[in-house]
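Me: Hi! Could you walk me through this one? I'd like to start with the charged pairs and then look at the rest.

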Amino acid sequence: MENQASELKMLMKEHGGGKQHRPRIIAITSGKGGVGKTNISINMAIAYAQIGKKVLLIDGDFGMANVNVLLNIVPQYNLLHVVNQQKRMDEIITDTEFGIKFIAGANGFSQIANLSESELEYFIQELNTLNAFDIIIIDTAAGIANNVLQLVGAADEVFIVTTPEPTAITDAYGIIKIITTEISLHREMKLQLLVNRVHSGDEGKRIADRIINIASQFLNYKIEYLGFIYDDPAVSMSVIRQKPFMEVLPSSKPSVCIKHIVGRVEKMEFHGSEGVSGFLKKFLAKK
């Protein structure tokens, strides 16, 4: 792994020289499934596009294809085709009718560690084309599997989704504990909490405060509260129609919440991104 890290460093210097535009890379994750993480990822991507950002959504749940289903699209290609040098990066990017672009994940990233120098060089060259985007949102799988932690550890920012359900709260704390004890020891990480399916703003704040206080007390780690999304029939209706609620019901409570959250993120201090090459470097370092 050390040899590959050295090779990677040299290749990145070759392909990443000069000042480049670098996207903000956000991983959206959760401690358990069924909390609405993928729906939030999709609608947040659309909200960013609506304020003029060039947005790429990557399905980082390699075992499932929930993003495909919710967007009602069937991509022909995925990251594995680029890893295997069967396609170029621009050939696997799927356009959507919602102003965002999408890459299906497959199990492409997990094979990167086994690439030869020439194969890695090709992948880095293709990956660097993604620096043209302003925002890259990665919808990870739920839980604490190694591939989830690799994606989370490589992102610029991490949004953790939970709900008021006791199991979701427990599992949100569980993934925060893993991240702060295993990943953030090696670099500074910004973790932010989103509470989904609440019935009031007070409920969202109360749930967030509980998790934030426990993390502060037992992990000595500061988690930021990013906001809440209302429990609303607009969400289930949009899922059935396979159309994001930001598009079909833009004035609904969940849509307004997503817009507020994106607006808040945009106002927050951001120390800059290392771009997709930096993402790959951190991703491989976690293996």
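Reply: Happy to. R24 has a relative accessible area of 7%, so R24 counts as buried. Keep in mind that the model is predicted.

Me: Which residue does the R24 side chain meet in a salt bridge?
Reply: That would be E157, with 2.5 Å from N to O. E157 sits in strand β6 (residues 157-162) and R24 in strand β1 (residues 24-30), so this pair ties together parts that are 133 residues apart in sequence.

Me: And E157, buried or exposed?
Reply: Buried, since the relative accessibility of E157 is 0%.

Me: What about K282, which residue is the salt-bridge partner there?
Reply: K282 pairs with D156, and their side chains meet at 3.9 Å, N to O. K282 belongs to helix α13, while D156 is in the loop between α7 (146-154) and β6, so the bridge links parts that are 126 residues apart in sequence. Both K282 and D156 are buried.

Me: How many residues of α13 are buried?
Reply: 9 of the 11 residues in α13 (residues 275-285), so the helix is mostly covered. Among them are G275, V276, F279, L280 and F283, as well as K282.

Me: OK, what about D209, what does it pair with?
Reply: D209 forms a salt bridge with K205, and the closest N and O atoms are 2.9 Å apart. The two are 4 residues apart in helix α9 (residues 201-219), so about one helical turn separates them.

Me: Switching to the nonpolar side. Which residues touch the most other members in the largest core?
Reply: M44, Y48, I137, F159 and L194, out of 37 residues in that core. Helix α2 (residues 37-50) gives the largest share, with 8 residues. Another core lies apart from that one and has 32 residues, including A27, L127, L130 and V276.

Me: What does L194 touch, leaving out residues up to four places away in sequence?
Reply: Its contacts are I40, M44, F159, I160, V161, T162, L226, G227, I229 and I261.

Me: New topic, helix ends. What happens at the start of α10?
Reply: A side-chain oxygen of D232 comes to within 2.9 Å of the backbone nitrogen of A234 there, with α10 covering residues 233-241. After α10 comes Q242, which has a positive phi near 55 degrees.

Me: Last bit, the overall numbers. How many helices and strands does the chain have?
Reply: The protein chain has 13 helices and 8 strands. Of its 287 residues, 54% are buried.

Me: And what share of the contacts with a separation of 6 or more comes from residues 24 or more positions apart?
Reply: They account for 81% of those contacts in the protein chain.

Me: What does the accessible surface come to?
Reply: About 12800 Å² for the protein chain, and 50% of that belongs to carbon and sulfur atoms.

Conventions:
Residues numbered from 1 in each chain as written. Predicted model: local features only at pLDDT ≥ 70, side-chain atom pairs only at ≥ 80, totals over all residues. Heavy atoms only, no water. Core = buried A, V, L, I, M, F, W, Y, C linked by side-chain atoms within 4.5 Å. Buried < 20%, exposed > 50% of the residue type's maximum accessible area, 1.4 Å probe, protein only. Contact = heavy atoms within 4.5 Å. Polar contact = N/O pair within 3.5 Å; in protein donor to acceptor, adjacent residues only side chain to side chain. Salt bridge = Lys/Arg side-chain N within 4 Å of Asp/Glu carboxyl O. Areas by Shrake-Rupley, 256 points an atom, 1.4 Å probe, with all protein chains shown as cover.
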